[in-house]
Amino acid sequence: MKEPEKKFSKPFSKNQLKSPFFIIILVAIVLATFQIYSVGPITKNVSYSEFKMLLKEGRVETCQITSSLIRGNLKDQDSFDAQKGFVTARVEDPDLVKELETQGVKFSGEYESPWIQTLLFTWIIPIAIFFLIWRFVLKGMGPAGGVMSFGKSKGKLYAQDDLKYTFEDVAGIDEAKEELSEVVEFLKTPHKFTSLGGKIPKGVLLVGVPGTGKTLLAKAVAGEAGVPFFGISGSEFVEMFVGVGAARVRDMFSQADQKAPCIIFIDELDALGKTRGINPMGGHDEREQTLNQLLVEMDGFDSNKGVIIMSATNRPEILDPALMRAGRFDRQVVVDRPDLNGREAILVIHTKGVKIDKDVDMRGIAAMTPGFVGADLANIVNEAALLAARREKKTVGMADFEEAIERIMAGLEKKKRLINKREKKIVAYHECGHALIATFLPTADEVKKISIIPRGVAALGYTLQLPTEDRYLMTRSELVDKISVLLGGRAAEGLIFGEVSTGAQNDLEKATEIAKKMVKFYGMSEKLGLVTFEQENRSVFFPGNTGKNEYSEETSREIDLEVKKIIDETYVATKELLEKKRDVLIKIAEILIQKEVIEKKELQEILEKEDKEYVRKDEEKLD
Ligand code: ADP
Ligand code: MG
Ligand code: ZN
């Protein structure tokens with residue numbers, strides 16, 4: 001029987017004693033007791049009629065009247081159960097005062113609220129309410145303690161387990177992946193590189209249109225390397241309070257310093273890194289101050305510790321040039337729209353967890369979606385699954401995918417331009433025109449890539465030429481070849497379709513520019529001879545202002561005529577060359593329509609097979 005006794009002897013545990021609920025109850029009990037005893041000596045409850053009787057009998061000595069009670073003392077103790085005090089509920093009785101007066105009773109009213117109540121209502125309760133509100137507000141401001149930590153970085157530190165992304169989750173942007181695999185190596189084994197005296201790159205800027213997987217790629221780099229990842233968006237730095245953004249940058253870098261090796265990822269860098277202009281209002285604005293702080297921190301920290309700053313933007317052209325300087329974001333990785341194979345691979349990734357019919361043809365879906373980026377494709381898979389669920393099917397079928405594509409295209413068409421089949425064909429021939437001319441003209445730069453995946457706002461397709469060596473001098477025939485390559489696109493359109501499209505406008509502009517320079521600067525026109533008509537240095541401050549012409553109206557007209565002559569002659573020659581290569585042109589264009597991208601190696605192989613005259617340019621250089 002000892003044990004239960006022990007239990008009873010300790011009715012409350014320590015924690016219970018500390019809990020606020022317990023304290024409140026204790027205080028309440030104390031107050032109640034206090035109030036009971038403060039009433040005074042022992043009293044007896046009487047009814048109002050009894051009280052009146054006692055009053056009439058003249059036995060009441062004193063009484064106090066409150067709003068609800070009448071308390072009092074009797075004259076003689078013996079007659080009333082040895083109790084002097086009494087109390088009764090007050091009843092509405094206008095004659096009471098008169099009666100008390102006639103009986104000669106000492107009476108008084110009473111101010112109802114005792115001091116303890118006053119204290120409670122005017123001080124304790126309001127203070128308690130304020131205290132609760134204060135606590136609540138602080139909690140809402142963040143776990144670290146609200147107001148005092150405005151400057152702390154909002155950059156979330158992801159634990160390694162949170163970053164489940166690896167390069168396997170990213171498809172269709174193989175070039176970017178390849179470039180970043182080097183960064184992964186740096187992060188994994190920094191000593192390998194630094195022991196040889198090499199410097200680890202500090203900043204990597206990912207450039208590409210929205211939805212191509214830049215954010216995903218940055219996370220995948222952290223996941224591959226197994227390092228912590230600080231992700232923050234550029235806009236998060238720009239707050240309403242001056243100085244907060246800069247403080248955040250500072251804080252983020254010091255946090256990263258402790259966690260090295262790690263990755264700092266600043267998404268949407270353009271929100272922060274816009275070109276610093278001359279502020280018309282004078283002074284620095286908040287964004288500029290934050291940007292400056294970022295530049296300072298990037299310069300200040302030692303990249304060999306293994307902190308790599310990654311960043312993403314879809315508008316590299318508006319970024320402050322200071323960001324791109326050596327030692328800052330000096331590596332830029334282009335994240336392109338995926339080609340046909342890439343789109344197929346992305347679809348495969350996103351359909352992994354989805355139950356799919358056997359008849360679904362991923363390549364077919366990829367072929368239907370030129371110009372789509374990874375995010376669009378992920379969206380298609382999701383939409384198709386939802387459609388199938390709505391139709392109460394057990395698996396997602398081709399019809400669901402087709403409808404999903406239609407829906408998403410309808411949404412996208414407003415946002416970006418997707419090219420239709422006929423346009424695609426025209427663009428393909430146009431680009432092949434450029435590529436073939438570049439291939440067969442001896443001095444033109446080699447073709448590295450032909451693509452009809454739309455890029456940016458202006459270009460529907462592009463042909464990438466890479467100069468094989470640095471050039472400082474150019475001969476007349478080299479310039480003419482350049483013009484010829486530019487005209488190749490339009491010439492191919494004319495040759496195949498019998499009409500030209502608006503797609504060549506940019507080419508024509510560039511061709512005209514070159515021809516003009518030939519005539520005006522380099523004295524390369526037979527008719528006008530060895531005269532330079534314009535100084536090349538223009539005002540730095542007003543690039544549009546070329547000063548007044550130093551030649552007559554007539555000369556001006558002749559310049560125009562000469563320019564036109566160069567263009568026209570080159571165009572005819574270009575068209576002739578393409579006419580000769582018509583079969584190869586068609587062959588390559590058809591492959592391009594199928595594959596959307598042709599790389600240098602593949603182009604060389606096709607040409608070797610199809611054209612006997614073709615010689616590889618790199619081989620030519622050898623002898
Ligand atoms: P960005 O940062 O370039 O705007 P995100 O990385 O935010 O694009 O991409 C959004 C989503 O789209 C990703 O979470 C992923 O599901 C999907 N996605 C985009 N690109 C790819 C890709 N190359 N491979 C696989 N999924 C992709
Ligand atoms: Mg993003
Ligand atoms: Zn073109």
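Predicted model: local features only at pLDDT ≥ 70, side-chain atom pairs only at ≥ 80, totals over all residues.

Q: Which residues come nearest to ligand 1?
A: A171, G211, K214, T215 and H350, out of 15 residues around ligand 1.

Q: How far is the polar side-chain atom of H350 from a nitrogen atom of ligand 1?
A: That distance is 2.9 Å.

Q: And the backbone, what does G211 do there?
A: A backbone N or O atom of G211 sits 2.7 Å from an oxygen atom of ligand 1. T212 also has a polar backbone atom 3.3 Å from a nitrogen atom of the ligand.

Q: How much of the accessible area of ligand 1 does the protein cover?
A: 78% of the 560 Å² that ligand 1 has on its own.

Q: Which elements give two or more residues to the shell?
A: α9 (214–225), α14 (340–350) and α16 (374–390). The largest share is from α9, with three residues.

Q: What about domains?
A: Domain 2 (156–334) and domain 3 (345–410) each put at least three residues into the shell.

Q: How do the shell residues divide by type?
A: Seven are nonpolar, six polar and two charged.

Q: Switching topic. How many residues are in the largest nonpolar core?
A: It has 31. L436, I450, I588 and L607 have the most contacts inside it.

Q: Which element supplies the largest share of this core?
A: α18, with nine residues. Among the elements that each supply at least two are β12 (446–451), α19 (476–497) and α21 (553–580).

Terms used: Residues numbered from 1 in each chain as written. Chains lettered and ligands numbered in written order. Heavy atoms only, no water. Near = heavy atom within 4 Å. Polar contact = N/O pair within 3.5 Å; in protein donor to acceptor, adjacent residues only side chain to side chain. Areas by Shrake-Rupley, 256 points an atom, 1.4 Å probe, with all protein chains shown as cover. Helix = DSSP H or I, 4+ residues; strand = E, 2+ residues; numbered from the N terminus. Nonpolar A, V, L, I, M, F, W, Y, C, P; charged D, E, K, R; others polar. Domains from an automatic or database assignment. Core = buried A, V, L, I, M, F, W, Y, C linked by side-chain atoms within 4.5 Å. Buried < 20%, exposed > 50% of the residue type's maximum accessible area, 1.4 Å probe, protein only.
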